[in-house]
Amino acid sequence: MSWRTGCMLALAGMLAACGQPPAPPGVAGDPARGRLALTQYACHACHQIPGITGSEVYVGPTLKGFATRRIIVRNLPSTPENLARWIRQPQEIDPHTAMPALGVSEEDARDMVAYLLTLD
């Protein structure tokens with residue numbers, strides 16, 4: 001196990017101990033690791049994300065209430081698979097989006113999805 005992986009797991013464990021809700025049924029990924037990944041990829045620089053502090057100049061939409069959204073963007077239905085794809089490859093879904101492709105790994109995307117789907 002690498003040093004980075006060990007630190008991520010330790011931080012994820014600490015976050016989980018702080019009362020992080022579990023992922024919704026049928027959703028792969030770990031919400032505590034997802035919260036950490038959203039911070040590491042600096043998603044909070046553009047989005048207001050409950051539970052994550054960041055800038056107060058948001059160029060992207062708030063992610064509050066994401067668990068209840070029916071559409072992710074345009075006409076893309078809100079499913080865990082579509083959300084992970086959007087996080088990893090936003091320009092493939094909407095070539096005109098301002099959201100950058102950040103090189104998010106599949107595992108990190110699954111974890112991010114698990115966290116976002118806990119946000120009512």
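This is a predicted model: local features need pLDDT of at least 70, side-chain atom pairs count only at pLDDT 80 or more; totals for chains, interfaces and linings use all residues.
**View 1. Helix H2 packs with helix H5 at an angle of about 105°.** H2 covers residues 31–40, and H5 covers 106–116; helices here are DSSP runs (H or I, at least four residues), strands are too (E, at least two), and both are numbered from the N terminus. The H2 and H5 axes sit 7 Å apart. Axes are lines fitted to C-alpha atoms, for helices over the stretch in contact, and angles run from 0 to 180 degrees between N-to-C directions. As for the wording, under 35 degrees is roughly parallel, over 145 roughly antiparallel, 65 to 115 roughly perpendicular, and the rest oblique. On the H2 side, look for Pro31, Arg33, Gly34, Arg35, Ala37 and Leu38, which meet Glu107, Asp108, Asp111, Met112, Ala114, Tyr115 and Leu116 in H5 (contact means heavy atoms within 4.5 Å). Sorted by class, that makes seven nonpolar, one polar and five charged residues. Nonpolar covers Ala, Val, Leu, Ile, Met, Phe, Trp, Tyr, Cys and Pro; charged covers Asp, Glu, Lys and Arg; the others, Gly among them, are polar.

**View 2. Helix H3 also packs with H5, at an angle of about 120°.** Their axes are 9 Å apart, and the two helices are oblique to each other. Pro80, Leu83, Ala84, Ile87 and Arg88 in H3 meet Glu106, Ala109, Met112, Val113 and Leu116 in H5. This contact has eight nonpolar, no polar and two charged residues.

**View 3. Here are the buried residues of H3, among them Asn82.** H3 spans residues 80–88, with Asn82, Leu83, Ala84, Trp86 and Ile87 buried; buried means under 20% relative accessible area, exposed over 50%, and partly exposed in between (1.4 Å probe, protein chains only). These buried residues pack against strand S1 (71–73), strand S2 (76–77), helix H4 (90–93) and H5. Zoom in on asparagine 82, whose relative accessible area is 18%. Not counting residues up to four places away in sequence, asparagine 82 touches Ile72, Leu76 and Pro77. Its C-alpha atom is 9.6 Å from that of valine 113, 31 residues apart along the chain.

**View 4. Histidine 44 sits in the loop between H2 and S1.** Histidine 44 is buried, at 16% relative accessible area. Setting aside neighbours within four places in sequence, histidine 44 is in contact with Leu38, Thr39, Ile49, Ile52, Thr53, Gly54, Ser55 and Tyr58.

**View 5. Cysteine 43 and cysteine 46 have sulfurs 8.4 Å apart.** A disulfide is a pair of cysteine sulfur atoms within 2.5 Å, and the count by this rule comes to zero. Cysteine 43 is in no disulfide, and its nearest cysteine sulfur is that of cysteine 46. Cysteine 46 is in no disulfide either, with the sulfur of cysteine 43 as its nearest.

Technical notes
Residues are numbered from 1 along each chain as its sequence is written. Side-chain values use heavy atoms; hydrogens and water are left out.
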